[in-house]
Amino acid sequence: MTPLKSKLNLFRQSIMQKGMHWLHRKPQHQGSNPYLEGVFAPVTEVEQFDLNVYGEIPPQLNGMLLRIGPNPIHVGNPSLYHWFVGDGMLHVLRIENGRAISFKSCFIETDVVQHTKQLPLKNGFRRGSNGVVNTNVVFHANKIWALIEAGTFPARLDLDLNTETHQFFNTDADLPFTAHPHKDNQTGYLHAICYDALDLRHAYYEVLDQDGYLIHFVKIPVKHGPMIHDCAITATDILIFDLPVTFSVAQLLKGSSLPYCWNDQHQARIGVLPKFGQANEIQWIDITPCFVFHAANAYRNEKNQIVVDLVVHQHMFKQSQQGPFEQQKAQLERWVIDLKALSIQRNVIDAQAQEFPRIDERYTGEMHRYIYTVSFDEKKMTAANQLRCHDVLEQRLTTYSFGEEWMTGEVIFIPESKLSLEGVGYLMSYVHHLDALPSKVVILKVHGTEMQLHAEIELGVRVPLGFHGNWVDFPQ
Ligand SMILES: [Fe+2]
């Protein structure tokens with residue numbers, strides 16, 4: 001990336017935003033949007049200290065619980081707003097020595113946010129179609145990075161969550177990234193399958209080392225500009241989910257803020273690429289049309305087949321152009337990929353609608369036993385909300401309900417200690433009240449499939465239901 005190219009990108013973003021504003025002004029499109037109301041309603045920035053705690057915060061938890069999600073600073077036409085493109089807001093709870101020290105909500109300081117606040121723009125380079133960064137937040141190369149897919153650069157933040165710069169990690173690469181890189185625990189490298197909304201003919205395989213430098217990059221030929229939200233890694237492979245949600249000019253012309261929709265013409269297929277391999281080494285296997293936002297994990301089994309556990313949506317963006325909840329199945333499945341036979345065997349682990357699968361990430365790329373997901377109702381997204389703990393070895397399931405009036409977001413597993421067994425530790429999540437009472441962070445003690453309430457931390461303010469987060473450990 002060069003300063004000149006960044007300026008040209010900024011100019012293109014401004015033209016596109018003006019075009020979107022023009023489309024959004026059409027009076028016949030005005031209306032409501034469920035993704036701007038109730039648990040989704042945006043909030044203002046806040047910081048508070050010494051929070052009320054019920055129960056006991058485990059003294060070994062010293063660090064930050066980060067979570068990011070959409071929190072639009074301004075919405076032109078609510079009916080055309082898509083949940084995936086709201087300005088990113090970061091939420092952080094700091095815990096030290098058994099105390100909840102502070103909670104802070106602040107915007108990712110993108111150009112739109114800085115313009116709205118009449119503040120100077122942040123350093124770095126600009127890329128992508130709109131500049132929003134709202135999907136995941138990770139700690140890598142000693143920095144906090146807020147991430148999004150489809151082309152916009154990550155935002156680098158300091159430990160007080162001030163946006164320092166917008167750039168492609170510690171490189172000058174001009175590449176799109178993803179919200180879901182996967183860290184190889186053996187090397188500390190991040191492996192990622194990425195795409196660019198402005199390049200419909202390629203996906204990208206990228207590897208960053210532990211210092212945030214790009215050490216491998218491959219362009220993968222695709223058709224129609226597929227949305228590829230996540231990937232999965234084994235010890236030796238990376239999986240590519242090339243599925244039939246693709247870029248849509250028709251949606252763009254309708255003024256949709258997220259111009260992607262279900263495409264019956266797009267062949268659904270899974271690609272298996274050796275880590276650090278080239279595009280011509282990918283083995284593609286066609287599958288029945290479906291959509292995957294998130295994989296829990298993948299590994300090679302004793303038969304050298306690839307096992308991947310993932311949440312499979314029957315379809316996506318077929319009915320709704322405001323968000324991902326549609327009346328459809330979203331079940332937890334196990335796919336066994338046989339590269340010799342070029343076949344995929346699909347088995348249902350749990351047919352309940354659910355999302356946000358996470359594991360004990362010390363097992364990324366290796367055989368895992370436990371998966372933690374969040375359930376929802378297929379007809380009403382705010383109902384049937386439970387944490388589901390799957391033991392895929394013993395085929396057992398336990399659930400934890402946060403109460404009828406509460407809704408949990410993604411749940412994050414933190415091991416009790418570096419040496420503890422898989423699935424022995426804590427589960428933490430931001431939990432949201434359906435009637436707009438202040439949110440809380442809940443800490444459960446987990447041992448296998450047994451879950452017990454350990455502590456609740458009152459945040460004193462609402463946090464909108466959002467996307468992803470991570471625990472950042474600061475050992476004392
Ligand atoms: Fe995601």
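**A friendly note on strand 12 and the iron site**

1. Strands are DSSP runs of E with at least two residues, numbered from the N terminus.

2. Before going on, please keep in mind that this is a predicted model, in which local features need pLDDT of at least 70 and side-chain atom pairs count only at pLDDT 80 or more, while totals for chains, interfaces and linings use all residues. Residues are numbered from 1 along each chain as its sequence is written, and side-chain values use heavy atoms, leaving out hydrogens and water.

3. Which residues cover the two faces of strand 12? On one side sit Leu190, Ala192, Cys194 and Asp196, and on the other His191, Ile193 and Tyr195; all are buried. In a regular strand the side chains alternate between the two faces of the sheet.

4. Now for the neighbours of strand 12. Strand 11 pairs with strand 12 in the antiparallel sense over two bridges; two strands pair if DSSP finds at least two bridges between them. The two form a hairpin with six residues between them, and Gly188 in that turn has a positive phi of about 80 degrees. His191 is the bridge partner of His182.

5. On to strand 13 (residues 199-208): seven bridges join strand 12 to strand 13, and these two run antiparallel. The hairpin that joins them passes through two residues. His191 stands opposite Val207 of strand 13.

6. His216 touches Tyr205, Glu206, Val207, Phe276, Gly277 and Gln278, not counting residues up to four places away in sequence; contact means heavy atoms within 4.5 Å. A polar atom of the His216 side chain lies 3.3 Å from the backbone oxygen of Phe276. His216 counts as buried because its relative accessibility is 12%.

7. Which residues coordinate the iron ion? His180, His229, His294 and His468 do, each through NE2, at 2.0 to 2.1 Å. Donors are N, O and S atoms within 2.8 Å of the metal (3.2 Å for Na, K and Ca), and water is not among the atoms, so sites may look incomplete. Along the chain, the donors follow the spacing H-x48-H-x64-H-x173-H. His229 is in the loop between strand 14 and strand 15 (231-233) and His294 in the loop between strand 20 (283-286) and strand 21 (295-300), so this pair ties together parts 65 residues apart in sequence.

8. The UniProt record (an unreviewed entry) lists His180, His229, His294 and His468 under "binding site". They span 289 residues in sequence, yet no two of their C-alpha atoms are more than 12.5 Å apart, so they gather at one spot. Such annotations may be inferred rather than shown by experiment.

9. Are His294 and His468 buried or exposed? His294 is buried, because its relative accessible area is 6%, and His468 counts as buried at 3% relative accessibility. His468 lies in the loop between strand 33 (450-458) and strand 34 (469-473). Its side chain makes a polar contact of 3.0 Å with that of His180. A polar contact is a pair of N or O atoms within 3.5 Å; within protein, one must be able to donate a hydrogen and the other to accept it, and residues adjacent in sequence count only if both atoms are side-chain atoms.

Notes
Buried < 20%, exposed > 50% of the residue type's maximum accessible area, 1.4 Å probe, protein only. Helix = DSSP H or I, 4+ residues; strand = E, 2+ residues; numbered from the N terminus.
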